[in-house]
Amino acid sequence: MRDIFSFKRHSMKRFSKLIPAILTMLILGSAAIFAEENESITGLMAGLVLQIGVILFAVRVGGMLVKKLGIPSVLGELLAGVVIGPYALGGLPVPGFPTGLFPLGSGSLAVSPELYGFATVASIILLFASGLETDLGLFLRYSVAGGIVGLGGVIFSFGLGDLVGMLLLHASFMDPRCLFLGILSTATSVGITARILSDQKKMDSPEGVTILAAAVFDDVLGIIMLAVVLGIVAVLTGHGDGGALTAGKIGAIAGRAFGIWLGFTALGLIFSKRIASFLKFFKHSYDFSILSLGIALLLAGVFEKEGLAMIIGAYVTGLSLSKTDIAAVVQERIHGLYEFFVPLFFAVMGMLVNVRELASVEVLSFGLIYTAAAVLAKIVGCGLPTLALGFNAKGATRIGVGMIPRGEVALIIAGIGITAGILDERLFGVTIMMTLITTLVAPPFLNAALKIPGRGTKNEAKGADTESVSWDFGSDEIADLVVDTLLKDLKSEGFYVQMMNIDDGLSQARKGDIALSITEEESLVTIETSPEDLAFVKTSMYEVVVKLNDSIERLKASADPVAMKKEIGHKKARGDKSFLKMINPQCITTNLKGTTKDDIIAELVRLLEKSGNVSDPNLVLSDVIARERTMSTGMQRGIALPHGKSDGIRTMSVAIGIKREGTDFGSLDGEPSRLFILVASPKKLSGPHIQFLAAVSAILRDQSIADRIMAASKPEEIEEILRQASA
């Protein structure tokens, strides 16, 4: 939940310069392997790991680039796959790879079966995580409007998508290709919609709440319809002629597919607590989290064997565990797997796009018509029912436009279609085009709809006008703790909580007609709600602060920081002394002039500027003094170690100063401090901040070294003493 875009900008510029060199090393370093082992299993595995390595770099760069444009990273990952895929750069011959880094696969797959296997596992992880985030029971209790809107969007999207297939493919409604075009059009991805609603302060407006509610119903209904369609398609492809099937048989097939989904979902929800208890038998959270994913894989295999998609089994598993006490832990523990596998999935989907086919007039025309139908279906299908739910034309338009973006589920379904031979390369390209365009056009459309003056409801409604209240907690860590505690409390109160955008620190909580939009930016927490609910918000935040304050008081009672600080000075400290080699003599003085603690720190910060690493000296000074206010860094025997983390510095830097007559620094032994070592590190980067402090403590424990430093007359002498001590 951190704003790290400034760091990303600098890092990406440096990183982008390294990309050609990295790829060159990978290619040349692997040429010998492929020259000798191209057909062996070792050669195949070497090729696979090389491909995965290249993909990981490509998706990160692609994601970072598009996020700078305000576009979801998934599109960057998808486009990265298109660029490095077998139909583009990946198919060009390079030394050691005569058919390219990503040669065109045989059969219906454009990539190797091994690589597609990784993508399949990734799709299971993605839908398992989606299921974990969905609390179906709680959601159904408060959002009738969301269900009606979601249902309308799914019905219109499926119908129009299938109809476009009928007209352009000259096929019947029950043609498997048309059925897949219908189901592909249903999925909605509202991550970018949530960001726009938050920016426009409309998250908890009647339109915003309805969009977010409908999106969850949309996902659930889309999964159900996918199960039904796959059941029908399995029989249709087996018959070879859809016309041979009667309406009764089709109904029976659909009923069987729906029954399998409903049966497993019901059993999962009924026995969810017992399943969680069984998993907790394995004690460690990492163990039961991995085994939860193991259940998802098992159920995915069962569903595939029954003629349904693996992702449905994965989603059912996540949905079943979503109401248990281990759900949040499992989400956290599998996050690393998610970050590794899921971008790889999107890249592989991009690799399946035949760029040449996509550029043809026929495919472009088909894609534009299909995309227009997909956009219209959501606007009409989601917007029209709202007219009977108290919204006017403005509100209906906003809701319809907010449901336009497609995303992850659409790509997974497209992947299922092409591997099953239902979609060819042209239709697959059409679906990719639809996903890209709907995601790109949604933001400007929604912004324009939100700027239309006037309310979106027929009558004045709670939430039509909103107010916000903010708290600055002084540090990112405290803000994180406050938000986490608040969300837990809201869940215990029966609120449905959605993490709309983790990177942007955006959440929404809803219960009945109470809607809260919670945003965390650095140390600032802002909650937006209707004026009628401001008292509830303030009371909730007050209770959170009281609870945390009580926890902190109990922490103080059980752990005395002053005593711990004394132990640092008296007991032998262990630290990596090699960190001391970063000391710069330009940042050392033997003649500090300040007479107070603040004066000394300000003088050291000015000295620190000579390192060239300080971007905002005033911010560094403020952050170091704020840390000093928490507890004095005056140690014993005339030594003080003021330090802090700040956004005003680029990398960890050190300044050292001597004040021979000493000054009061609030030291443990009450004696004036004479040797000051200031350490400042950036907040957003990991680094040896604490390790450096430990290393300094280890060296200065030797009184003779401390005395020699305080007696030194030149900065170079101090540098040499510390270097010798750290050798």
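The model is predicted. It holds eight salt bridges, and two cavities of 30 Å³ or more are counted. A nonpolar patch on the surface has about 430 Å² of accessible area, and His170 has a positive phi.

**Salt bridges**

- Side chains of opposite charge can pair when their charged atoms come close.
- Glu357 forms a salt bridge with Arg426, and their closest N and O atoms are 2.8 Å apart. Because Glu357 belongs to helix 16 (residues 355-358) and Arg426 to helix 20 (residues 425-450), this pair ties together parts that are 69 residues apart in sequence.
- Glu357 has a relative accessibility of 22% and therefore counts as partly exposed. Arg426, at 32% relative accessibility, likewise counts as partly exposed.
- A network of salt bridges links Glu357, Glu362 and Arg426.
- Asp489 and Lys547 form a salt bridge in which the closest N and O atoms are 2.7 Å apart. This pair links distant parts of the chain, with Asp489 in helix 21 (residues 476-492) and Lys547 in helix 22 (residues 534-558), 58 residues apart.
- Lys547 is partly exposed, because its relative accessible area is 39%.
- Asp598 and Arg629 meet through their side chains in a salt bridge, at 3.1 Å from N to O. Here too the pair links distant parts of the chain: Asp598 is in helix 24 (residues 597-608) and Arg629 is in helix 25 (residues 617-630), 31 residues apart.
- Asp598 is partly exposed, with a relative accessible area of 29%. Arg629 has a relative accessible area of 54% and is therefore exposed, since the cut-off for that class is over 50%.

**Second largest cavity**

- Rolling a probe the size of a water molecule over the atoms shows where empty space is left.
- The second largest cavity contains about 40 Å³ of space. Its lining consists of Thr186, Ala187, Asp218, Asp219, Gly222, Ile223, Val409 and Ile413.
- Helix 9 (206-239) and helix 19 (408-419) are the elements that give two or more residues to this lining. Helix 9 gives the most, with four residues.
- By class, the lining has four nonpolar, two polar and two charged residues.

**Nonpolar surface patch**

- The patch is formed by Leu151, Ile155, Phe156, Leu384 and Leu387, which together have about 430 Å² of accessible area.
- Helix 6 (residues 144-169) gives the most to the patch, with three residues.
- Leu151 is placed in helix 6. Its relative accessibility is 40%, so Leu151 counts as partly exposed.

**Backbone at His170**

- Most residues other than glycine have a negative phi.
- His170 has a phi near 55°, a positive value in a residue other than glycine.
- His170 is found in the loop between helix 6 and helix 7 (176-184).
- With a relative accessibility of 72%, His170 counts as exposed, because that class takes residues over 50%.

Key: Residues are numbered from 1 along each chain as its sequence is written. This is a predicted model: local features need pLDDT of at least 70, side-chain atom pairs count only at pLDDT 80 or more; totals for chains, interfaces and linings use all residues. Side-chain values use heavy atoms; hydrogens and water are left out. On a 1 Å grid over the protein atoms alone, a cavity is a set of points where a 1.4 Å probe fits but cannot get out, and a pocket is an open set with protein on both sides within 12 Å along at least five of seven lines; lining residues have an atom within 4 Å of a point. Grid points are joined across faces, edges and corners, and a volume is the space filled by probe spheres set on the points. Ala, Val, Leu, Ile, Met, Phe, Trp, Tyr, Cys and Pro count as nonpolar, Asp, Glu, Lys and Arg as charged, and the others, Gly among them, as polar. Patches are made of residues with over 30% relative accessible area and no salt bridge: like charges are joined within 9 Å, nonpolar side chains (Val, Leu, Ile, Met, Phe, Trp, Tyr) within 5 Å. Accessible areas come from the Shrake-Rupley method with a 1.4 Å probe; for residues, only the protein chains shown count as cover. A salt bridge is a side-chain nitrogen of Lys or Arg within 4 Å of a carboxyl oxygen of Asp or Glu. Buried means under 20% relative accessible area, exposed over 50%, partly exposed in between (1.4 Å probe, protein chains only).
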